[in-house]
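Student: I have a chain open on my screen. Could we go through its packing together?

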Amino acid sequence: MNGSKSALRIAERALQKLLPLTEKAASATRHAFDGVTEKALGDDFQERVQALKDRYARLGDDPFGMDPDVAKYGAMVTAFLHRLYFRSEVLGIEHVPAGGALLVSNHSGQLPWDGAMICTALFLDSDPPRLVRSMIEKWVPTLPFISTFFYRAGQVVGVPANARHLLQRGELVLVFPEGVRGISKPFTRRYQLERFGRGFMRLALETGVPIVPVAVIGAEEQYISFGNLEPVARALNLPVLPVVPQVLLGGLPLPTKYHIRFGEPMRFHNAITDDDGIEENVFLIKRTIQSMLDEGLKSRKGIFR
């Protein structure tokens, strides 16, 4: 019995000594987490959220079910990737107009982190903050739960009628004219633009909004694709199924450094029925983005910095 009491007293004294150390460790962890959070979100995050809510209060009910609170939580997640993981460097964001505009960007990286980083940049780095409405692929609504979150966060199925309505409301609409061709291309074709569709140009002409060319550098190297398992993709009803070894390691993208460049707005005034003129306009946009990519590649110091 005496032995048991002695052991209890020793354990109690040891616990009393450990408690202050545990409290210090917990406090240090909280401070470190708070510091990381502040660095990712910035000290004006709540003001930006409120500015976004005020903007949509003026615009009225969103026809696609966007909820600013859901968009806020989405931004809280992607902010860590934008500022701490990909360490995005943003140039020319002041070129984005205050009203409606089409953001036209290259697309790459197997998964659409490039689109998420463009959207996050416009929310965290633009003054005033803007919510970007991305045009997502038509097969995304078939995904349970994920599709609902996308809608609530402001993303919309990429059909002309949806984009037209948003542009007429003065929204920023993000499109990737390369589509799946761009995001799924192999590593050997990195930073080489695929064929552009023409739908975005017709939208710009119909609505009279400017086009802002966007170039994203860094996404091409985040996943190394060695090809596409087309038969398996068709069996799973997926547009592509790339061969990416990183999937075996948990699927996280490599922490490449993102460089996001916004070009000056471009306006076009062709007739919608002028197919040759539209084709020339599309070629001009594609050439502009390719030039921005080439310039960015020359100026960057490396894939990870």
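Student: Are α3 and α4 roughly parallel or roughly perpendicular to each other?

Tutor: This is a predicted model, where local features need pLDDT of at least 70, side-chain atom pairs count only at pLDDT 80 or more, and totals for chains, interfaces and linings use all residues. Residues are numbered from 1 along each chain as its sequence is written, and side-chain values use heavy atoms, with hydrogens and water left out. Helix α3 (residues 68–85) packs on helix α4 (residues 113–124) at about 100°. Angles of 65 to 115 degrees count as roughly perpendicular, so α3 and α4 are roughly perpendicular.

Student: Which residues of α4 make the contact with α3?

Tutor: Contact means heavy atoms within 4.5 Å. From α3 come Ala75, Thr78, Ala79, Leu81, His82 and Arg83. The α4 side is Trp113, Ala116, Met117, Thr120, Ala121, Phe123 and Leu124.

Student: Is Val96 buried or exposed?

Tutor: Val96 sits in the loop between β1 (89–91) and β2 (101–105). Buried means under 20% relative accessible area, and exposed means over 50%. Val96 has 12%, so Val96 is buried.

Student: Which residues does Val96 touch?

Tutor: Leave out residues up to four places away in sequence. Val96 touches Leu103, Leu122, Leu172, Val212 and Phe262.

Student: Which residue in β5 stands opposite Ala101?

Tutor: Strands pair if DSSP finds at least two bridges between them. β2 and β5 (residues 172–175) pair in the parallel sense over four bridges. Opposite Ala101 stands Leu172.

Conventions
Helix = DSSP H or I, 4+ residues; strand = E, 2+ residues; numbered from the N terminus. Buried < 20%, exposed > 50% of the residue type's maximum accessible area, 1.4 Å probe, protein only. Axes fitted to C-alpha atoms, helices over the stretch in contact; angles between N-to-C directions. Parallel < 35°, antiparallel > 145°, perpendicular 65-115°, else oblique.
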